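Dear colleague,

Please find below the structure that I am handing over to you, together with its sequence. My findings follow directly after it.

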Amino acid sequence: MTPRQPGAEAWVPEGGDIDRLREAARTCEGCELYREATQTVFGEGDEHARVVLVGEQPGDVEDREGEPFAGPSGRLLDQALEEAGIDRSRLYVTNAVKHFKFERAERGGRRLHKKPARSEVVACHPWLRAELDAIRPALVVALGATAAQSLMGPAFRVSTQRGEVYDLELEGTEVQCAFLATVHPSAVIRLHGDDRAEALARLVDDLRKAAETVEAAH
Ligand code: URA
Ligand code: SF4
């Protein structure tokens, strides 16, 4: 049997603002992922944002730079946000899991992204919850299944539920807002030609819906 992972709870300061949370998260050992990663990659952006974007976990570039969505996925995300008319500087951007999980390629030793286990998503959830409770946005946008399931539970299906607006309430917090899921930018990057253009257009459509949803919540 694997030992039970303690989860991040013990590291999360009560009622902390984002800076305090970010500082505390630097030393989190709530699951095993801190061991191999370079650093905790905490959320970044406007603390008063009305929209929070949640990705999966930092990638290779993010792990080295310490910033979410700083690599190839981030560039695609920026392109999609721009097409949807959303200013990234007015958002808060974070991930469901705050440490990079990877395996070494057999040849060359490149660090290859590995999907976080449900147990790691659950272990890291207290940070995401605390971020959302500090920001109290009007809308949370989940990019991909990991983020969506972290917030809505493991039965959530991005394939059939993307682009729909749901209510999000997080037990033990004051978070009460709208929720919308779409695909992860890396799912678009993986495609080529017309498939890619179509996937990008659908991502942009979902982001436009997100923008309309916060406008309506004014
Ligand atoms: N993919 C993510 O989900 N988050 C990042 O920060 C980078 C890549
Ligand atoms: Fe803590 Fe999350 Fe990193 Fe695990 S992934 S050590 S829970 S910050």
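In the classes used here, Ala, Val, Leu, Ile, Met, Phe, Trp, Tyr, Cys and Pro count as nonpolar, Asp, Glu, Lys and Arg as charged, and the others, Gly among them, as polar. On that basis, the shell around ligand 1 consists of three nonpolar, six polar and two charged residues. Please note that this is a predicted model.

The ligand site

Ligand 1 sits in the largest pocket. The residues surrounding ligand 1 are Gly55, Glu56, Gln57, Pro58, Gly59, Glu62, Pro68, Phe69, Ser73, Asn95 and His184. In the side chain of asparagine 95, an N or O atom is 2.7 Å from a nitrogen atom of ligand 1. Of the 230 Å² of accessible area that ligand 1 has on its own, the protein covers 94%.

Backbone angles

Most residues other than glycine have a negative phi. Phenylalanine 69, however, has a positive phi, near 50°. This residue belongs to the loop between helix 2 (60-65) and helix 3 (72-83). Phenylalanine 69 counts as buried because its relative accessibility is 7%, and buried means under 20%.

Arginine 136, which is not a glycine either, has a positive phi of about 45°. Arginine 136 is located in the loop between helix 4 (118-135) and strand 6 (139-143). With a relative accessibility of 45%, arginine 136 counts as partly exposed.

Yours sincerely

Conventions:
Residues are numbered from 1 along each chain as its sequence is written. Chains are lettered from A and ligands numbered from 1 in the order in which they are written. This is a predicted model: local features need pLDDT of at least 70, side-chain atom pairs count only at pLDDT 80 or more; totals for chains, interfaces and linings use all residues. Side-chain values use heavy atoms; hydrogens and water are left out. A residue is near a molecule or strand if one of its heavy atoms lies within 4 Å of it. A polar contact is a pair of N or O atoms within 3.5 Å; within protein, one must be able to donate a hydrogen and the other to accept it, and residues adjacent in sequence count only if both atoms are side-chain atoms. Accessible areas come from the Shrake-Rupley method with a 1.4 Å probe; for residues, only the protein chains shown count as cover. On a 1 Å grid over the protein atoms alone, a cavity is a set of points where a 1.4 Å probe fits but cannot get out, and a pocket is an open set with protein on both sides within 12 Å along at least five of seven lines; lining residues have an atom within 4 Å of a point. A molecule sits in a cavity or pocket if more than half of its atoms lie within 2 Å of its grid points. Helices (H or I, at least four residues) and strands (E, at least two) are DSSP runs, numbered from the N terminus. Buried means under 20% relative accessible area, exposed over 50%, partly exposed in between (1.4 Å probe, protein chains only).
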